[in-house]
Amino acid sequence: MSVDTPRRIVLLRHAKADWPQTSDHERPLAERGRTDAPVAGRKLADTGIAFDLALCSTAVRTRETWKLAVHELPQRPKTRYEDRLYEASLGELIALVNETPDTVTNLLLIGHNPGMHALADALAGEAEGDTRARMNGSGFPTSAFAVVSFDGSWKTVEHGMAGTLVDFWTPHD
């Protein structure tokens, strides 16, 4: 596969979490999150994107989101649970994306805000239609996802690149 292959990265924020007396990393999904996560999975399936790899934060709420969403996809992608996605800065997220093998065409990250919003904004030099306005206007709520397309190698992903924000979806539009 050529490094000039069109690629897509999809950034999914975890579903709504509960606030029990536990560490932030161990917070489970709230009832609304358990309802919204499968809906997000169906909307991901509707994009028609066949994911080659899913990287999921190790936090309980992201793992639960992925478990509920993945059942809605026509094919389960290879999944890797990644500690570095939890509380990752924009630079750390870009470094993680840069490690993606070029055999991967479509990458899904299941993570947290503000990182998911920051990464979508940083990678989308352009946007189709009103996608950027909708993304920035909504603040990238729980269960939302953004789709960014670009040409080139994962190693070339950087802040301000010439990717295109092609889709943005939220469960409560």
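Trainee: Let's start with N106. Which strand is N106 in?

Mentor: N106 belongs to strand β4, residues 106-111 (strands are DSSP runs of E, at least two residues, and helices runs of H or I, at least four, both numbered from the N terminus). Keep in mind that this is a predicted model: local features need pLDDT of at least 70, side-chain atom pairs count only at pLDDT 80 or more, and totals for chains, interfaces and linings use all residues. Residues are numbered from 1 along each chain as its sequence is written, and side-chain values use heavy atoms, with hydrogens and water left out.

Trainee: Is N106 buried or exposed?

Mentor: Buried means under 20% relative accessible area, exposed over 50%, and partly exposed in between, with a 1.4 Å probe and protein chains only. N106 counts as buried because its relative accessibility is 7%.

Trainee: What does N106 touch?

Mentor: Beyond its neighbours within four places in sequence, N106 contacts R8, I49, A50, F51, D52 and L53 (heavy atoms within 4.5 Å). The side chains of N106 and R8 also make a polar contact at 3.0 Å (an N or O pair within 3.5 Å, one able to donate a hydrogen and the other to accept it within protein; residues adjacent in sequence count only if both atoms are side-chain atoms).

Trainee: How do I read a pair of packed helices?

Mentor: Two packed helices are described by the angle between their axes and the distance between the axes. Here α1 (residues 31-46) and α2 (residues 60-70) pack at about 50°, with axes 7 Å apart. Therefore α1 is oblique to α2.

Trainee: Which residues of α1 and α2 meet?

Mentor: From α1 come R34, A37, P38 and G41, and from α2 come T65, L68 and A69. By class, these contact residues are four nonpolar, two polar and one charged.

Trainee: Tell me about G41.

Mentor: G41 lies in α1 and is buried, at 0% relative accessible area. Its contacts, sequence neighbours within four places aside, are A69, E72 and L73. G41 and V70 are 29 residues apart along the chain, with 6.0 Å between their C-alpha atoms.

Trainee: Why is helix α4 called largely enclosed?

Mentor: Seven of the nine residues of α4 (residues 115-123) are buried, so the rest of the structure largely encloses this helix. The buried residues are G115, M116, H117, L119, A120, A122 and L123.

Trainee: And A124?

Mentor: A124 is in strand β5, residues 124-127, and counts as buried at 4% relative accessibility. Leaving aside neighbours within four places in sequence, A124 contacts R132, M161, G163 and L165.

Conventions: Axes fitted to C-alpha atoms, helices over the stretch in contact; angles between N-to-C directions. Parallel < 35°, antiparallel > 145°, perpendicular 65-115°, else oblique. Nonpolar A, V, L, I, M, F, W, Y, C, P; charged D, E, K, R; others polar.
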